Amino acid sequence: MASTSASALPSSDSPALKFKVVATQGRARSSRMTLPHYTAATPMFMPVGTQGSVKGLTTAQLTELDCHVILGNTYHLENRPGSELVAEMGGLHGFINWQRGMLTDSGGFQMVSLLHLAEITERGVTFQSPIDGSAMLLTPEQSIAIQNRLGADIIMALDDVVPTTTNDPARFEEATHRTTRWIDRCISAHSRPTEQNLFAIVQGGLDTRLRQISIQQLMERDLPGYAIGGLAGGESKDDFWRVVAQCTHPQTGLPAGKPRYVMGIGYPLDIVVCSALGADMFDSVYPTRTARFGVALVPEGVLKLKNAAHAKDFRPLDATCDCMVCKNYTRAYLHNVVTRGIASAAILVTYHNIAYTQALTRRMRAAIEEHRFPDWVRDYLRTMFPAGDVPGWVRDAMAEAGVDLAGVATEQPAAGAGAAADTAAPKSARAEKRAAGRARGPVGATET
Amino acid sequence: MLAAVTPPVQGVQLSVMQFMENPDAATLRQYGRGAAAFLALGPHPLLASNRDPTMYEYGTRPATEKEVHVCIHSGGHMVGPARYMDTVAALQPDMYVTLCDEITADSRPKRIATSARRTAAWLGTCLELAVQHSQPQPQQQQDAGAEGTAAGEAKAAAAREAAAAAGPLSGSLALAALTGGALPAERARAAKAVGDRPGIAGYAICGLGTGEDPAQRPALIAASMEGLGLAPEAAAGRVVFASGVVGGPDELLEAVAAGVDLMDCAYVAQVTTGGYALTFPLRPPPGWQPGDAPGAGGAGAGADVARGSDDTKMNLWATAYRLDKGPLLPGCGCFACARHSRAYVHHLLNAHEMLAEVLLEAHNTSHMNAFCQAVREAIAEGRFEQYRAWFRSLRSAPLVDMAPGAAGAKRRASGPAGADGEAEVEAEAGAGAAPVDLAAGAGAEEEAGSFGRRQAGRAKWVRV
């Protein structure tokens, strides 16, 4: 049940971070996180500026877009221009001229994304640079030292990340315990605990036992915040939400008074589900990367702007969006420039996609604070799934989160969708997808 | 980002030919509000020319008596006057250039004569079509235009009313294309065939920047303008546009000296792509006289081979900038210089981030704009020749000889700086979302005499 009396709301006070839940409804919470450079509001989506720029956008535009925290990447920035140079330039904030919150990832994800170039041992990870082939040894100590020089408000521990699709339980066991050993090394190496917040990252793959071990062990270190890692790597949605639910569980999950950061989440639907389960922070390259492929985020799902259907569509991308792009440009224009591969087209769609995610999280926070979050979720899902074909995993997750989807999600798909094979003659998977696509109309749905 | 350019953008250029497909005239007509709205170019005057300065659309296939061949993003198209003016009308520009049989500077006399004949014929056709496109139009399918917000619908309704009241080209200024290759006599002949006629608001000097010697250009421009045979009062009221004449600030200045008012410019895009920031000084030191040392009065970084800079631009790829916290150009107040450092831009270039070009283009556009503003001020204050002499003194050898005794007997005179001044801005090939480049201004009063008394000096120039 929603608990609204101020004294009952969770909060925490760490040397460089204050976290205060201002409203809850079910497991969802709206909070304020005071960082050295900025006070962010959560649930919050953080765009990724891997190499010191959120692709194509100026920091002035990121402020316009109401971004609270953006990301930089330890591994890539150490490659170029180098963390010592960044430190000389006034840290990442000074170097790129961004005044609000900054978070740096530890380089852990590169263990997955650049796995073919990485060698992982107890000591650390040796990477072969994709640029010039030189070797870089990233130990917990090294990662923290680099992040101390970069100067972000939140720094991430170096964790042992295993791709969730790995079929090797022993590897997951090893990684869970190693992550704990590495957090201790990170804590020892951290030289700026009053200026930068070290977050630990829960690992354990899809194994509830390992995840619980990780949660408990990391909580014992009493860090300012915790992340849920090792997801967004190809696991099924069903597995994914259960891990998030376990980590955000009111009794046995991560502490309620501290921020919970699900790493690598960027599909709007995923953000909504995780927020309903009680997560606070998200990052992903998805909104910005998909923009560069000409894909715009809209309430109904996505618009694939390269599609010829948009050539004479003079509506804005999203009628409910009041960003600069939706106020000035039409789908037809964006179709033209996207199909011709003009760089500024990518920038315009990127701008809108970030505006979309910021509006999404702003509306969620307002809904939670105004105690109408379940209604808001229902409206959101109705818009995205007008035929009622809300995916099973979303239904299950919302049930766990205490959000009733009656009237929104139908048990059987609506007549004509043909997505379920129950009532009709057995269809091939492709025929089902085609039928589902036809029912949905010209706007493509977010792929899950 | 267009709005962030300082000094402000005065006008935008785009090429009609880029709108033969994706989007084409039919799409734009259905949209109903013209290119300025479609590309969200802002309130600036829009000039639709027949050529994109960053890519030469002509020459892939020969033109015929009826149409030219252009090669654009989607492939080749044959374009005659009807299709051309149809597209111009759909763009709803403030000014447009008529269809020209574009030829390069190495064309032979016979080809030049053909070009002149066709261009003059097409001019007549274009002007007739312009009249038609200026008539009130029957209500077209404009219901698809600009839906969405209430403001958008109100705008669309207003546009429909406006369209019903007057055609899409009503109020648009026609600039007659003047061809003639690199032969002054042919230029004069072609201009004479065009002359002055109702419906023409100005002239577009075509075919420049196609390989001719920059030192030759003033003579070619003068031949075109004087060949028109206009009375001084008539000439003073005509706008002169030239495409392809800005390969750098020196060339821009020489074109202005020769009497050109509006220019588009690929220079900004080219230096931006190369990772350069423009740094050439914009103003002479106070009290500078010809014969003094150049001494940059305005901001100027100076040549430094070790850093890959010359006295016009600096190369941000140079490792010398790795730790440089200063702005691209000290004293420049543009968007990029106000917010970011050389070190950051250098890093962005190395990391192959798009933002590098965004920032460099913002700076370079602003710098060219500021240059044009300085030129306009010099003209308005009656010291253009002195300004020009100073700018030329920055070079070890000038681009163009100044003919002895040639005073500024041009269409340059006293008039408030930038009063009618419009400057051209280059739009990316049809896309328009890219920032823009600005060039000269101040079409002003005519002084005694014709357009420009420039004798063709012998080519005696060395590019620094």
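Modeller: We begin with a term: a residue counts as buried when its relative accessible area is under 20%, and as exposed when that area is over 50%. Keep in mind that this is a predicted model.

Biologist: How many of the residues in helix 10 of chain A are buried?

Modeller: Helix 10, residues 268–277 of chain A, is mostly covered, with ten of its ten residues buried. Among them are Pro268(A), Asp270(A), Cys274(A) and Leu277(A). Just after helix 10 of chain A comes Gly278(A), which takes a positive phi of about 115°.

Biologist: What is the setting in chain A as a whole?

Modeller: Chain A has 17 helices and 17 strands. Of its 448 residues, 59% are buried.

Biologist: How do I read a salt bridge?

Modeller: Side chains of opposite charge can pair when their charged atoms come close. In this model, Arg29(A) forms a salt bridge with Asp280(A), and the closest N and O atoms are 2.7 Å apart. Arg29(A) lies in strand 3 of chain A and Asp280(A) in the loop between helix 10 and strand 15 of chain A, so the pair ties together parts that are 251 residues apart in sequence.

Biologist: Are Arg29(A) and Asp280(A) buried or exposed?

Modeller: Arg29(A) counts as buried because its relative accessibility is 3%. Asp280(A) is buried too, at 0%.

Biologist: Where do Glu174(A) and Arg178(A) lie?

Modeller: Both lie in helix 7 of chain A, four residues apart, which is about one turn of the helix. Glu174(A) is partly exposed, with a relative accessible area of 35%, whereas Arg178(A) counts as buried at 6%. The two also belong to a network of salt bridges that includes Glu122(A) and Asp160(A).

Biologist: Now strands. How should I read a hairpin?

Modeller: Strand 9 and strand 10 of chain A form a hairpin with six residues between them, and Gly133(A) in the turn has a positive phi of about 75°. The two strands run antiparallel and are joined by four bridges. One bridge partner pair is Phe127(A) and Met136(A). Strand 10 of chain A also has two faces: Met136(A) and Leu138(A) are on the covered one, Ala135(A) and Leu137(A) on the uncovered one.

Biologist: How many residues does each chain bring to the contact between chain B and chain A?

Modeller: Chain B brings 43 residues and chain A 41. The buried area between the chains is about 3,400 Å², and carbon and sulfur atoms give 59% of that area. His347(B), Glu353(B) and Met354(B) supply 18% of the area that chain B buries against chain A, more than any other three residues.

Biologist: Which side chains form the salt bridge across the interface?

Modeller: The rule finds one salt bridge between these chains. Its side chains are those of Glu353(B) and Lys55(A), at 2.8 Å from N to O. There are also 14 residue pairs in polar contact between the chains. The largest share of the side of chain B that touches chain A, five residues, comes from helix 12 of chain B. That side divides into 24 nonpolar, twelve polar and seven charged residues.

Biologist: What does Ser53(A) touch?

Modeller: Its contacts include Val48(A), Tyr344(B) and Leu348(B). The side chain of Ser53(A) also makes a polar contact with that of Glu353(B), at 2.9 Å. Ser53(A) counts as buried because its relative accessibility is 4%.

Note on methods:
Residues are numbered from 1 along each chain as its sequence is written. Chains are lettered from A and ligands numbered from 1 in the order in which they are written. This is a predicted model: local features need pLDDT of at least 70, side-chain atom pairs count only at pLDDT 80 or more; totals for chains, interfaces and linings use all residues. Side-chain values use heavy atoms; hydrogens and water are left out. Buried means under 20% relative accessible area, exposed over 50%, partly exposed in between (1.4 Å probe, protein chains only). Two strands pair if DSSP finds at least two bridges between them. Contact means heavy atoms within 4.5 Å. Buried area is the accessible area (1.4 Å probe) that two parts lose on being put together, summed over both. A salt bridge is a side-chain nitrogen of Lys or Arg within 4 Å of a carboxyl oxygen of Asp or Glu. A polar contact is a pair of N or O atoms within 3.5 Å; within protein, one must be able to donate a hydrogen and the other to accept it, and residues adjacent in sequence count only if both atoms are side-chain atoms. Ala, Val, Leu, Ile, Met, Phe, Trp, Tyr, Cys and Pro count as nonpolar, Asp, Glu, Lys and Arg as charged, and the others, Gly among them, as polar. Lists of a residue's contacts leave out its neighbours within four places in sequence.
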